[in-house]
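The sequence and structure come next.

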Amino acid sequence: MGLFDQILSAVNNPNQQASPDQLGAILNTVQQLSNRQGLNPSTTQTAMSVVGSYVRSALQQQRNAGGNARAEAIVNQYGGTSPSLGALDALFSPAQQRQVADAVAQRTGISADQVIALLPILVPIVLNLLKQGSTTRTANAPTANTTGSNSVLDSFLDADGDGDVDVGDAMSLAGRFLNQR
C-alpha cells in the first residue's frame, strides 16, 4: 500500500510533520463524522476513497498549472480537521462539487445533497492526511517553493494508477497501526 507506506515513513521521520497523534486526530474526526451522520464506518471509508480520487485529480491539475509549490500550498493551507468551504472551493468549481457528490452517492447510497453538506468536512481531512508528509520548517529550512518537500503528497500525485493511493484504505491501515501501538 504505497500511500500508507509513505504516511508511516513520515511518522517515523522526525523531519516530517506526521505523528501518531496527528493521525489519531484525523481518524477521530472521521469517526465523529460517521457517528454524527449515522453512517456506517465502511460507508465513510468508501466516501473518503471517492473524495480522495477527486482530490488527487484536482491537485494534479493544480500541480500542472503551478508546479509542486501550488499543490503543496493548498494542502498546507487547507489540510485540517475542521470544515472548510475554502478547501472545497480551492479544488472544485460548484459543478465539480456536484460531480464529486454524485459519484460518492452512487458508490455509498448517501444522498448527493447529504454528500454536498459533507464535502467541506471530507476534503480538509483528505488534505490533512496528505499534509503528514510535509517537512518541518525551521528558520533555515527551504520554503514551500522547494519541490519534493512532501513525500506523502508526491506519492499520492505520482501514482501510476495501480490502486496504491486509496485514501480510505490508507485511513483504515492507519487506524490499525494506531491500535497496535
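Arg98 is partly exposed, with a relative accessible area of 34%; buried means under 20%, exposed over 50%, and partly exposed in between, using a 1.4 Å probe and protein chains only. The model is predicted: local features need pLDDT of at least 70, side-chain atom pairs count only at pLDDT 80 or more, and totals for chains, interfaces and linings use all residues. Residues are numbered from 1 along each chain as its sequence is written, and side-chain values use heavy atoms, with hydrogens and water left out.

The structure holds two salt bridges, a salt bridge being a side-chain nitrogen of Lys or Arg within 4 Å of a carboxyl oxygen of Asp or Glu. In one, the side chains of Arg98 and Asp102 meet at 3.9 Å, N to O. These two residues lie four apart in helix α5 (residues 94-108), which means that about one helical turn separates them. Helices are DSSP runs of H or I with at least four residues, strands are runs of E with at least two, and both are numbered from the N terminus. An α-helix has 3.6 residues a turn, so residues three or four places apart point the same way. Asp102 is partly exposed, at 37% relative accessible area.

## A link between two helices

Arg98 also forms a salt bridge with Asp113, where the closest N and O atoms are 3.2 Å apart. This pair links distant parts of the chain, with Arg98 in helix α5 and Asp113 in helix α6, 15 residues apart. Asp113 counts as exposed, at 56% relative accessibility. Through shared partners, the salt bridges join Arg98, Asp102 and Asp113 into one network.

## Helix α6

How many of the 20 residues of α6 are buried? The number is 16, so the helix is largely enclosed by the rest of the structure. Helix α6 covers residues 112-131, and its end C-alpha atoms are 27 Å apart, which agrees with the 28 Å that its 20 residues should span at 1.5 Å a residue. The expected span is 1.5 Å times one less than the number of residues.

A kink of about 50° lies at Leu118, shortly before the proline Pro120. The bend at a residue is the angle between axes fitted to the seven residues ending there and the seven starting there.

## Gly86 and Pro120

The C-alpha atoms of Pro120 and Gly86 are separated by 8.1 Å, although the two residues are 34 residues apart along the chain. Gly86 is found in helix α4 (residues 85-91) and counts as partly exposed, at 28% relative accessibility.
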